Amino acid sequence: MSAERTLRGRAVVAGVAETTYYKRGESPDDEFKLALEAITGACRSAGISPQEIDGFASYSNDRSDASRLAAALGIHDLRFANMQWGGGGGGGSGAIGNAVAAIATGMAECVVVFRALAQGQFGRFGQGPRRNTISGEFAHTVPYGLMSPAQMFAMKVTRFMHDHQVQQAALRAISLASYQHAQNNPRAVMYGRPLDEQQYDESRWIVEPFHLYDCCQENDGAAAIILVSAERAQEFDHPGCYLLSAAAGSHHRAGAPVHNAPDYATSAFKTLAPRLFEMAGVGVSEVNVLQSYENFTGGVLMSIVEHGFCTPEECNDFFTLENLTAPRGRVPLNTSGGNLAECYMHGLGLNIEAVRQVWGESSNQVSGADISMVISGPMVTPVSACIFGSEATL
Amino acid sequence: MSAYLQDGLPSPVANNLDAPFWKGLQDNRLLIQRCANCSNWQWGPEWICHHCHSFELDFEETKASGVIYSYERVWHPVHPALASQGPYLIVLVALPAAGAVRLVGNLLGDPRQDVEIGGRVEGVFEHHLDAESNYSLLQWQNIPLE
């Protein structure tokens, strides 16, 4: 007889950690050392030795290779070395799903999901290619001045806003919510640097419809989450925080080259969202707190629509600062400050914040945050999402 | 005509998959990939037809005439070549005569103009024939309402 094919309740978070979060170029440490600092920090959070780790899962072609990490940490029995393919920050929740799949199937016992990124050491995401020629897919975009992530995604958002009459104020509310939450979070790079409507409105355009404050930061740092079998939940000091579901992927020909995905004005979650909620056994109205990856606010808006929190036509009413802020908003969003105002740790900071909400340890705590959801990497492919739950949700 | 954007961006170089397209632009022709088996248009080019999985793919000439599917006005330069460019317009143009596949280009004219999604545009071949480069791009201009 086969077991039920689900990740629901199979793994518990043992520990989380992040390094100090730096502005791009300000980390005193190399990227690989940052990875080690986050991983060993997560081990301290869990109360385990780094030598208990037997699996690594990451995404976006993280440069800190699993075998090198295992050697540096003196791990005796590496059992799982996993990379979620492509998609940049769209892989964050997918990597957590991969880790839990390994645990649930007995391939590994203790898997660390991590991401380390030193844009100062290795170059910025937000700049165009510095070479004389270009070939392949990008030859059809770069010579027209389309080369940065903001430029790659703006046309999706413009089309969505056009089709559904979404106003700029909806994007602004997403940005303001992140900045407001960051003011209570000493880890946040934008801690002590509040943002108001006037500052947003007067900020320069990067590419319409994105103002400066619609765009994520560029940072240096690392983050790590350790997962183990749910049967071991009692070994840790933290309250139980279990993975209820994870989903990754994208829709029909989402990766068609040169902006040719048939369904274009999308964050790429339409096919994932039903699978995510079905595995978790929860409905969208039961989600207590939400982290949604801000590469750019427009992607956050579309991803929240595509998970059913509101319809496209309701965006102008739904996306208000009041609705999006803890502790009493309808859907408290990006409660650590997120990629915009805490740190662009390629989104893994959002997963850590989702865990802290279940633990009751957020700097913007939502009371009774039993169901805590993360959306990773809108508008890329593959994207991913996951839902964590407290012990009461099992 | 002079180029829409300032000089210094990477020059496109054809590869085994898209060479007929780039050659076509130099000859003032727009060639888009089309399946010899099922007649499906596809863009960007692939080695296989995503519809019928045939490897028999041709490039067929189509009219450089389209509809603006989306657009963006870029203000912040992310490449040194564009440091003094000022704002510029990128359009995503669907080709109704070629299965509504889309091309990326620039919209000629005032970079601060209002852009109409759904507006009709026609192609303008932009030839780069200086000492360092030898390639052509396809730009777009509004078709005035009659």
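Predicted model: local features only at pLDDT ≥ 70, side-chain atom pairs only at ≥ 80, totals over all residues.
## Chain A at a glance

Let us start with chain A, which holds 13 helices and 13 strands. Its radius of gyration is 20 Å, close to the 21 Å that the globule rule gives for 394 residues, so chain A is as compact as a globular protein of that length. The C-alpha trace of chain A spans about 50 × 50 × 50 Å along its principal axes.

Of the 394 residues in chain A, 62% count as buried. Contacts in chain A with a separation of 6 or more come to 79% from residues 24 or more positions apart.

## Chain B at a glance

Chain B has 1 helix and 9 strands. Read from the N terminus, its elements follow the order β-α-β-β-β-β-β-β-β-β. For 146 residues, a compact globule would have a radius of gyration near 15 Å, and the 16 Å of chain B agrees with that. Along the principal axes, the C-alpha trace of chain B spans about 45 × 40 × 25 Å.

In chain B, 36% of the 146 residues count as buried. Residues 24 or more positions apart supply 54% of the chain B contacts that have a separation of 6 or more.

## The nonpolar core

In soluble globular proteins, nonpolar side chains tend to be buried together. Here the largest nonpolar core has 174 residues, and A:Ala224 and A:Leu227 are those with the most contacts inside it.

Setting aside neighbours within four places in sequence, A:Leu227 is in contact with A:Ala11, A:Val13, A:Ala14, A:Ala99, A:Val100, A:Ile103, A:Val111 and A:Val113.

## Helix α1 of chain A

Helix α1 of chain A covers residues 31–46. At 1.5 Å a residue, its 16 residues should span 22 Å, and the 23 Å between its end C-alpha atoms agrees. Just after α1(A), A:Gly47 adopts a positive phi of about 75°.

The buried residues of this helix include A:Leu34, A:Leu36, A:Ile39 and A:Cys43. Against what do the buried residues of α1(A) pack? Their partners are β1 (11–18), α2 (66–73), β5 (110–118), α4 (119–122) and β9 (219–229) of chain A. A:Arg44, also in α1(A), counts as exposed because it has 12 C-beta neighbours inside 10 Å.

## Where the chains meet

Strand β6 of chain A (residues 133–135) is joined to β1(B) by 3 bridges, and the two run parallel. Within this pairing, A:Ile134 stands opposite B:Pro12 of β1(B).

Note on methods: Residues numbered from 1 in each chain as written. Chains lettered and ligands numbered in written order. Pairing = 2+ DSSP bridges. Helix = DSSP H or I, 4+ residues; strand = E, 2+ residues; numbered from the N terminus. Core = buried A, V, L, I, M, F, W, Y, C linked by C-beta atoms within 7 Å. Buried ≥ 20, exposed ≤ 12 C-beta atoms within 10 Å, placed from the backbone. Contact = placed C-beta atoms within 7 Å. Rg over C-alpha atoms; globule rule 2.2 N^0.38 Å. Expected span 1.5 Å × (residues − 1).
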